[in-house]
There are 2 protein chains.
Amino acid sequence: MINKLVKKIEQLSAPIVVGLDPTLDFVPQHILQRAYEEKGENLTGAAEAIWQFNKGIIDATYDLIPAVKPQIAMYEQFGVEGLKAFQKTVEYCKKKDLLVIGDIKRGDIGSTSAAYATGHLGKVTIGGKDYRGFDEDFVTLNPYMGSDAIKPFMEVCKEEKKGLFILVKTSNPSSGEFQDQLIDGRPLYELVGSKVAQWGEEHMGESYSYVGAVVGATYPEMGKVLRALMPKAYILVPGYGAQGGKAEDLAAYFNKDGLGAIVNSSRGIIAAYKSKGYEKFGPEAYADASRQAVLDMREDLKKAWLHADK
Amino acid sequence: MINKLVKKIEQLSAPIVVGLDPTLDFVPQHILQRAYEEKGENLTGAAEAIWQFNKGIIDATYDLIPAVKPQIAMYEQFGVEGLKAFQKTVEYCKKKDLLVIGDIKRGDIGSTSAAYATGHLGKVTIGGKDYRGFDEDFVTLNPYMGSDAIKPFMEVCKEEKKGLFILVKTSNPSSGEFQDQLIDGRPLYELVGSKVAQWGEEHMGESYSYVGAVVGATYPEMGKVLRALMPKAYILVPGYGAQGGKAEDLAAYFNKDGLGAIVNSSRGIIAAYKSKGYEKFGPEAYADASRQAVLDMREDLKKAWLHADK
């Protein structure tokens, strides 16, 4: 899957992942209304609205982008019904040949991590037949519990040729509280980064590892250090756009081959019709606004990845 | 809920939480077979088997214990069907007046953590009415992303009078890779522990805080330090029994009032019928074996919490 991701990024000249993180506020009135009429004004209706909203965006952008990153929390907030919408979204994206990064940030001890790995990347055998739960192509993980939390995912990844993005330095303002603390003169995120590089060596694709990292766009200086520390890790970069990360800051995240990073935008794409410059599309054409936002992001990012030979 | 937890622990003389972490291996043949016959030999049947297995254990133990801790990974591995079993389990436990600690170990940036908090502890408003997703009483959280990840949960907790257990020092062998690293001469877990104490002051119950901590039974020396560092935090202690933690090591986790810690056992209780000393019950009476294992654990723990005035 990492090889496919790299190839798609090159073909499309788009190191872009669209964050499918819908909230009910983002869903245009006409979709909400239809979903509530069909399924009831309740959790089922809300989940239906979110799925229909996603479908519109996927249909309008799938030919431009290599991957999507549904944030499972936005679905989990509606309980089981929301998770059905998550599952439908994953399935539909895969049908459209999009790679799916499940933004799940899980991580637990051995057997529990193995269960998460089964549910999100692998398969479970019941009565001699294989069944799959959510079946994403990649997932994000939290490293706080150490190798025990990561290894069971790696085993499933090796079997399934799937991949991971491990939190190293996150984009949020308080990420430094623990991640920036100095250990023998180096911040914790560097220690985590060197572990990611080490884990990554155990599961290499053609040019990049199946084990990638998450490094927020909001900390470009740290991005530069981490890029050098994990040369074979694809870096998933959240925080572009709405959170304040700018394209010119992103050059540091790319390797000299113009590869090595994939930049996420969520709100900036999926709620484009609500933001400055895209209001003209209006809520009925919200998906067209998302398409335009992807095209604009692709242009904007060229500044970063075409000039990454720093 | 923290006040109710403390009261129930005192009334029952049982600082015990039963980890409802079923795997198909644990489920006796007669339950599996009936579930497969009724719902099919597939994800739906497997989830039904797990729910029926849980129900048996809950019915056999609910009068002895204050709380249960379903590990959501064990359900998530079966996808949406598994999560329906999780939901049923949570609902049923609450009907039996058990407190439910959702072992979800979530944690993400602001709005995403808010969505998780909504789905697991809070409510979502649709068309003027409130709906609830999974609706546990407590959840476990991962602190790696800092305060941004915790605060949205605390806001929902204040509104709902619910609580949190934040990972400080986990019970797994590799927990030290990051958690034990020294920062200004003190390990990272102490820094996290002092943050937990600080967050906890913002949401106090009668004698303990709504913000608790997870500290593994396998590291009693660290437990002692953390107990002193977070005097008002209830400590959820995993790793007793199957993972190697012993009752005599647990005294360090309790305060002088004999309170302040609640010890989890998963396999040791729910799969008791498969372990030494309980085989005589046999698979048909697996739930009776679990009841006996709870009674034995209660006796064993008395060594720890009756003599906690260290």
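Contact here means that the C-beta atoms of two residues, placed from the backbone, lie within 7 Å. This is a predicted model, where local features need pLDDT of at least 70 and side-chain atom pairs count only at pLDDT 80 or more, while totals for chains, interfaces and linings use all residues. Residues are numbered from 1 along each chain as its sequence is written, with chains lettered from A and ligands numbered from 1 in the order in which they are written.

Now for strand 3 of chain B, residues 99–106. All 8 of its 8 residues are buried, so the strand is largely enclosed by the rest of the structure. (Strands are DSSP runs of E, at least two residues, and helices are runs of H or I, at least four, numbered from the N terminus.) B:Leu99, B:Ile101, B:Asp103 and B:Lys105 point one way, and B:Val100, B:Gly102, B:Ile104 and B:Arg106 the other. In a regular strand the side chains alternate between the two faces of the sheet.

Strand 3 of chain B has parallel partners: strand 2 (residues 67–68) over 2 bridges, and strand 6 (residues 138–141) over 3 bridges. Pairing requires that DSSP find at least two bridges between the strands. B:Ala67 stands opposite B:Leu99, and B:Ile101 has B:Phe138 as its bridge partner.

Finally, the two chains together. Chain A superposes on chain B by a rotation of 180° with 0.0 Å of shift along the axis, at RMSD 0.0 Å, using least squares on C-alpha atoms of residues with pLDDT of at least 70 in both. The copies are thus related as by a two-fold rotation axis. In chain A, A:Ile183 has the C-alpha nearest that axis, 2.7 Å away. Between the chains, 56 residues of chain A contact 56 of chain B.

Notes
A residue is buried if 20 or more other C-beta atoms lie within 10 Å of its own, exposed if 12 or fewer, and partly exposed in between; C-beta atoms are placed from the backbone.
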